[in-house]
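My notebook is open and the viewer is loaded. Here is what I looked up today.

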Amino acid sequence: MSPRAAISADQLVKVFKGTTAVAGISFQLPPGSITALLGGNGAGKTTTIAMIMGLTVPTSGTVSVLGAQMPQQRYQVLHRMNFESPYVDMPMRLTVRQNLKVFAGLYGVEDPDARIATLADEFDLKDFIDRPTGKLSSGQKTRVSVAKSLLNHPEVLLLDEPTASLDPDTADWVRGRLERYRAVSGATVLLASHNMTEVERLCERVIMLKRGRIEDDDSPGRLLARYGRDTLEEVFLDVARGRREAREAAQ
Amino acid sequence: MSAYPQTQVSFSPHRIGAMVLRYWYLLRSSWPRVVELIYWPMVQVLTWGLIQIYVAQHSGFFARAGATLIGAMLLWEILFRGQLGFSISFLEEMWARNLGNLMMSPLRPAEFVAALMVMSLLRLVIGMVPVFIVALAFFGFNVYQLGFAFVFFFVNLILTSWSIGILVSGLLLRHGLGAESLAWTLAFLILPLSCVYYPVSVLPEWLQPFSWLLPPTYVFEGLRALVIDRVFRADLMLGALALNSVYFAAAAFAFLRLLESARRQGTLMQTGE
């Protein structure tokens with residue numbers, strides 16, 4: 001295991017009541033890299049992210065973030081990480097500004113008002129920043145949620161389906177903001193997604209999961225070449241439906 | 001970007017402040033939540049106040065014993081409302097699907113619990129001060145006339161309420177909203193044995209030792225000693241404090257164990273039923 005990896009998973013396993021969600025995966029993400037976790041429903045993406053965040057304890061194996069073992073040493077690094085996920089919401093009755101202020105307090109952000117103003121500007125939140133979060137459209141909520149994930153200038157950013165339920169225009173706009181944040185901050189980004197366009201555009205590496213195992217792990221370009229496909233979507237379908245194994249068996 | 005590793009302060013008043021601010025914003029934005037804090041204690045004080053007036057029409061011991069009814073009711077409300085204030089603030093996170101955000105933030109369990117204790121006090125002040133005023137105005141019961149004894153009663157009852165609140169929160173973390181009803185009912189489990197409205201001697205002899213295992217029993221016996229016999233029983237208050245220390249530590253331990261169990265089961269992200 002490299003001590004320099006921003007995120008390092010080693011033989012990570014998670015079993016829930018006899019069902020194996022993650023079955024011994026290993027990978028290392030260098031600082032400043034942007035990687036996609038790709039896989040169908042139940043492939044183990046969200047469980048892997050939950051273990052990286054220290055939210056779920058691995059059944060066996062280890063995971064470390066910025067040199068800290070998760071979940072045992074999570075409080076050494078949680079203030080340097082952040083995440084966005086469709087599985088959580090922000091309190092609906094609080095306004096966007098109030099929510100951002102509370103999370104700025106939790107993450108120990110210096111000069112929270114200035115940071116919130118900057119993010120409101122970058123993510124175009126100004127028109128609805130004093131509106132209750134529950135009254136926003138799903139696109140607006142996602143923008144707020146992504147803005148929250150950048151409040152503390154995270155060095156490690158975990159994104160679980162960050163553009164799910166967004167229209168193509170807003171999704172593209174959010175991707176642009178994430179790309180810019182990564183370029184400026186040099187943060188390490190791990191992105192779980194079903195959206196192949198998003199993965200092709202943002203990620204330099206793709207880890208393909210199937211039934212809790214890593215089926216493939218390479219750059220988008222090399223994956224396309226290896227599977228002889230034009231798009232990552234076709235590669236995804238090959239992996240999901242086991243076409244590669246079938247083709248290799250036939251050969 | 002900084003070199004690893006960095007550490008952060010282990011207990012942060014700023015993070016507690018941020019959580020208190022979160023609940024304050026919520027309370028401010030919702031008048032039904034504020035009304036809910038006041039209306040039930042108000043109904044209780046009116047009911048028990050009128051019963052007390054009726055009992056006071058008799059003479060002798062019963063008249064004096066009757067005077068404890070409204071005091072007992074007010075003290076019980078401190079325990080029950082204190083626990084409810086703690087548990088409801090916790091439930092707000094589950095109802096809002098915000099628990100995952102908090103659990104993946106640098107907020108530590110002790111800070112979360114401290115914020116819930118602060119909110120329990122704030123909600124108690126909002127709910128009970130108008131009720132104390134009504135008790136004084138309509139029934140002549142001035143809770144502050146209990147003097148420094150009231151401080152002992154209050155501290156012991158709020159500690160018991162927090163112990164119950166911490167245990168309920170741990171069960172909610174582990175079992176999700178399926179355990180929600182515990183937040184509303186668990187305190188009532190100890191009501192009969194705590195001897196709120198009657199002395200311990202009323203209980204069958206074999207049950208009395210169990211009653212003395214509960215800190216509120218000491219408080220309510222102390223209240224009766226003060227109102228009926230005009231004696232402050234420091235021994236009872238110390239007994240309650242000792243038991244409360246044990247229960248509070250046990251509840252905190254159980255909370256941490258249940259939180260760890262929730263991490264193992266992966267239930268922190270899905271906090272539904």
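**Ground rules.** I'm working with a predicted model, where local features need pLDDT of at least 70, side-chain atom pairs count only at pLDDT 80 or more, and totals for chains, interfaces and linings use all residues. Residues are numbered from 1 along each chain as its sequence is written, while chains are lettered from A and ligands numbered from 1 in the order in which they are written.

**Confidence.** I looked up pLDDT (the predictor's confidence in each residue, from 0 to 100) for chain B: the mean is 88, and 92% of its residues reach 70 or more.

**Helix pair.** Next I checked how H2(B) (residues 31–56) packs on H5(B) (residues 109–139): the angle is about 25°, with the axes 9 Å apart. Helices here are DSSP runs of H or I, at least four residues, numbered from the N terminus. The angle runs from 0 to 180 degrees between N-to-C directions, and the axes are lines fitted to C-alpha atoms over the stretch in contact. So I can call H2(B) and H5(B) roughly parallel (angles under 35 degrees).

**One residue.** Is B:Thr217 buried or exposed? I found B:Thr217 in helix H10 (residues 215–228) of chain B. B:Thr217 has 25 other C-beta atoms within 10 Å, so it is buried (20 or more is buried, 12 or fewer exposed, partly exposed in between, with C-beta atoms placed from the backbone). I also noted that B:Thr217 and B:Ala183 are 34 residues apart in sequence and 21 Å apart in space, C-alpha to C-alpha.

Technical notes: Helices (H or I, at least four residues) and strands (E, at least two) are DSSP runs, numbered from the N terminus. Angles under 35 degrees count as roughly parallel, over 145 as roughly antiparallel, 65 to 115 as roughly perpendicular and the rest as oblique.
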